[in-house]
Amino acid sequence: MMGLAKRIIPCLDVEAGRVVKGVKFVDIRDAGDPVETARRYDQQGADEIAFLDITASRDARDTLAHVVEAVAAQVFIPLTVGGGIRSIEDIRRLLNAGADKVSINTAAVRDPELVRQASDRFGSQCIVVAIDARASAAASEGSPRWEVFTHGGRKATGIDARAWAAKMEQLGAGEILLTSMDRDGTRDGFDLALTREIAEAVGIPVIASGGVGNLDHLVDGVCIGKADALLAASIFHFGLYTVRAAKERMREAGIEVRL
Amino acid sequence: MQTVVVLDYGMSNLRSVAKALEYVSEGRHRVLVSGRPDDLVRANRIVFPGQGAIGDCMEHITAMGLDRALREVLPAKPFLGICLGLQSLMEWSEEGGGTPGLGVYPGQVVRFPRELHAPASEDILKVPHMGWNQVWPAGPHPLWAGIAPGQRFYFVHSYFVAPKDEELNAAYTEYGVRFTSALARGPVFAVQFHPEKSQQPGLRLLKNFLHWDGNA
């Protein structure tokens, strides 16, 4: 077998510089320490690590750059950072701190030109557009099948997710991080129809997110959803599965992985 | 103490490269991030990293007088090019409607074809080529020491080099097409992937570079 591996990306929620939301490794000294947690995932074979900043206060956000800096000095795999990024200056600061990619969500909806400016300035390879999508309640002819939401899934935009993904590609996004808000936190598996719809609509890689509850869900995300990479949080955080176990399961299913 | 200059031409994120070099050097090298031509000339070894658009890269390089300095030092001391630091060694790139490179080696930089297919599959391959792919050395070289053939490294690019002289090829990678993922000649070694983001194999390659005398 030869070729590009499908990627597994553990995602860490960071608040005021600390990893939050239940990272529970049995043998970790400080589960709140982003460096130690990232290093653990690196050792397990994570292909990249994503940090999502959920800090509510704008003042506390500067701590994120310090977190990235500390992790980047010790963990030598790609780091993606998202959450509350609003400007070229925000992006510049995080890239300089050692982030390899930034993900932009609400700010891209507010001002799509930010995506163009950012990719012109820093290169498409480091601009990830995060899309939070929900199935439309009353899907009918002409109305979107999946609608883009912002503000952590609270605010509807009326934008069709497929058309939005295509537009983001056109403006210079290097990758799409697609989260099903219907599945997020359910552990029922990815929204495979949504994932496939977007993965086949764009020529750039798509990372599937939202709903992973077991290792078969990861396999389905690639084989049925056609995702290029898979992002998961809780199945790894609670020590249910290691990244390595996930990859072994994927390889058994005939998926190319880095092991 | 030896000085390694990480070439800073004012556009890309150099922290990862510098940090990775410091990590593998274990304090035995001075890692200097600099865009001054005289630092380049004085350095014991040079790393030329880069991401983004090659047009911007070449513009900065030329404006800072680094093109002349690079041509001067390239045949003289161990040099590691990474991504754009590989592509810019060629004569010309298709990117951005056509961009001249440093022209150290004959050949071009070309984009992955549209409608790129995975082997024996209907699936269309995505561009950029992003993620961990296998690197197959074309032959033995001190920089591959301790790195198994087929080892995976992290890639992110839409263009690749096509050197005219096949003997420049130091490694191949498959992504719909077979492309040159590393080239080598004398004290020059340049890779399309990012060793600074490729975990153990990447760190090993950087360490090999720091200990390399520049002879193949």
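Mentor: Before we start, buried area is the accessible area, taken with a 1.4 Å probe, that two parts lose on being put together, summed over both. We are looking at a predicted model, where local features need pLDDT of at least 70, side-chain atom pairs count only at pLDDT 80 or more, and totals for chains, interfaces and linings use all residues. Residues are numbered from 1 along each chain as its sequence is written, chains are lettered from A in the order in which they are written, and side-chain values use heavy atoms, with hydrogens and water left out.

Trainee: Thanks! What area is buried between chain B and chain A?

Mentor: Carbon and sulfur atoms give 54% of that area. On the side of chain B, B:Lys126, B:Met130 and B:Trp132 supply 26% of what the chain buries against chain A, more than any other three residues. The area buried between the two chains is about 2,800 Å².

Trainee: How many residues of chain A are in contact with chain B?

Mentor: Contact means heavy atoms within 4.5 Å. Chain B brings 30 residues to the interface, and the residues of chain A that they contact number 41.

Trainee: Which residue of chain A meets B:Arg152 in a salt bridge?

Mentor: A salt bridge here is a side-chain nitrogen of Lys or Arg within 4 Å of a carboxyl oxygen of Asp or Glu. The rule finds three of them across the interface of chain B and chain A. For B:Arg152, the N to O distance is 2.8 Å, and the partner is A:Glu256.

Trainee: Which element gives the largest share of the side of chain B that touches chain A?

Mentor: Helices (H or I, at least four residues) and strands (E, at least two) are DSSP runs, numbered from the N terminus. Elements of chain B that give two or more residues to this side include α1 (15–25), β9 (151–157) and α6 (199–210). The largest share, seven residues, comes from β8(B).

Trainee: What is the radius of gyration of chain B?

Mentor: Chain B has six helices and 13 strands. The radius is taken over C-alpha atoms, and the globule rule is 2.2 Å times the number of residues to the power 0.38. That rule gives 17 Å for 216 residues, so chain B is as compact as a globular protein of that length, its own value being close at 16 Å.

Trainee: Is B:Ala63 buried or exposed?

Mentor: This residue is found in helix α3 (residues 54–63) of chain B. Buried means under 20% relative accessible area, exposed over 50%, and partly exposed in between (1.4 Å probe, protein chains only). With a relative accessible area of 70%, B:Ala63 is exposed.
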